[in-house]
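Open the model in a viewer and keep the sequence panel beside it. The tour below goes from one selection to the next and says what is there.

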Amino acid sequence: MSSEEKKNTGVVLTAGDVEVTVDPADGCRVESLRIGGTEVLRQPENGKHFGSFPMVPWCGRTENGRFRDGDKVHQLPVNSPPHAIHGTGRDGRWRTAVRDTASASFTYDLTSPWPYAGRVTQLFELTPDALTLTMGVETYDNSFPAQVGWHPWFRRNLGGQDVTLDFTAAWQEERGENHLPTGRRIDPLPSPWDDCFGMPDGVDVTLTWPGELEIRVTSREEWVVVYDEQEAAVCVEPQTGPPNGLNTLPRLVTPVDPLEASTTWTWRRLG
């Protein structure tokens, strides 16, 4: 896809001096979030897309790319050896269902290599001080385990001081040598992190760029992965279950019980 073609696929939402660009052709990714003219998401480089992408129908790593559903064992593509990571939705082409100035919804049909039929819907709602993302997975056929979540890459530095993270977690999932939770819950450790934390009262993480901007990431879900091991960006990832959750904490999507989650990013200017 040429740069001009890619530009033309973006859906632009505006509210006040805030502009959000979503590209349904590139995994329904938030390509850009500009607040008062300042870009807060890491931009593409070295062939990587960054921005903020949906994780569906699983989040983080699935061990060795395999998960069990009843007596069936399914093999997913190993795209982060030895594991399968972040779902298939970020690599798919989504369809624009409805759009107006400050909101839009998109759909994506689950297909191979995911072994079950289903439909994913993602809704974006923008106001001058917040962006709410809502994602749902439904099926009219077989039931299956699934997860949803979001993986934003927030720029570490917006031109002044580096961002700081503030959150209080009830526990941290102990991370094994295979980069997956061991199943043991421990007291939260200090940064750096590529770790999953538990927040039973809901995800609540504040990113502060001193003197510039504050963004509060919230969700009703109790799981969040925080990743701050790269120099250019930090990630705060609300999700419906821990990494490898298809195996350790499966949440069934059924014809009468879809899976739905949301996250809201609320911001305020500082200084």
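A residue is called buried when its relative accessible area is under 20%, exposed when it is over 50%, and partly exposed in between, using a 1.4 Å probe and protein chains only. The model is a predicted one: local features need pLDDT of at least 70, side-chain atom pairs count only at pLDDT 80 or more, and totals for chains, interfaces and linings use all residues. Numbering starts from 1 along each chain as its sequence is written, and side-chain values use heavy atoms, leaving out hydrogens and water.

**Ring pairs**

Select W193 and F197; both are buried. Their rings form an edge-to-face pair, with 5.8 Å centre to centre and 90° between the planes. Rings of Phe, Tyr and Trp (its six-membered ring) pair if their centres lie within 6.5 Å; planes under 30 degrees apart count as stacked, over 60 as edge-to-face and the rest as tilted. By this rule there are 14 aromatic pairs.

Next, select W94 and Y108. This pair is stacked, at 5.2 Å centre to centre and 20° between the planes. W94 is in the loop between β9 (84-85) and β10 (95-99) and Y108 is in strand β11 (residues 103-110), so the pair ties together parts 14 residues apart in sequence. Strands here are DSSP runs (E, at least two residues), numbered from the N terminus. Both W94 and Y108 are buried.

Then show W58, F67, W114, Y116 and F144, which ring pairs link into a cluster.

**Charges over rings**

Select R185 with W171: the charged end of R185 sits over the ring of W171, 3.6 Å from its centre. The rule asks for NZ of Lys or CZ of Arg within 6 Å of the ring centre and within 35 degrees of the ring normal.

Switch to a cartoon view. An open sheet of eight strands runs in the order β10-β11-β12-β13-β25-β21-β20-β16, with antiparallel pairing. Two strands pair if DSSP finds at least two bridges between them. At the edges stand β10 and β16 (164-166), each with a single partner strand, so one side of each has no neighbour in the sheet. Inside the sheet, β12 (residues 118-127) and β13 (residues 130-138) pair over nine bridges in the antiparallel sense. Select T121 to find G136 of β13 opposite.

**The core**

Which residues touch the most other members of the largest nonpolar core? Among the 60 residues of this core, they are L33, W114, V137, F154, I215, W265 and W267. A nonpolar core is a set of buried Ala, Val, Leu, Ile, Met, Phe, Trp, Tyr and Cys residues joined through side-chain atoms within 4.5 Å. Apart from it lies another core, of eight residues, including M55, Y227, A233 and C235.

Centre on W267. Leaving aside neighbours within four places in sequence, its contacts (heavy atoms within 4.5 Å) include V18, L33, L126, P128, L213 and I215.

Move to L207 in strand β20 (residues 203-209). L207 counts as buried, at 0% relative accessibility. Its C-alpha atom is 9.4 Å from that of W267, 60 residues away along the chain.

**Last stop**

Select G60, in the loop between β5 (52-55) and β6 (61-62). Is G60 buried or exposed? G60 is buried, with a relative accessible area of 10%. Not counting residues up to four places away in sequence, G60 touches M55, A84, I85 and H86.

Terms used: Helix = DSSP H or I, 4+ residues; strand = E, 2+ residues; numbered from the N terminus.
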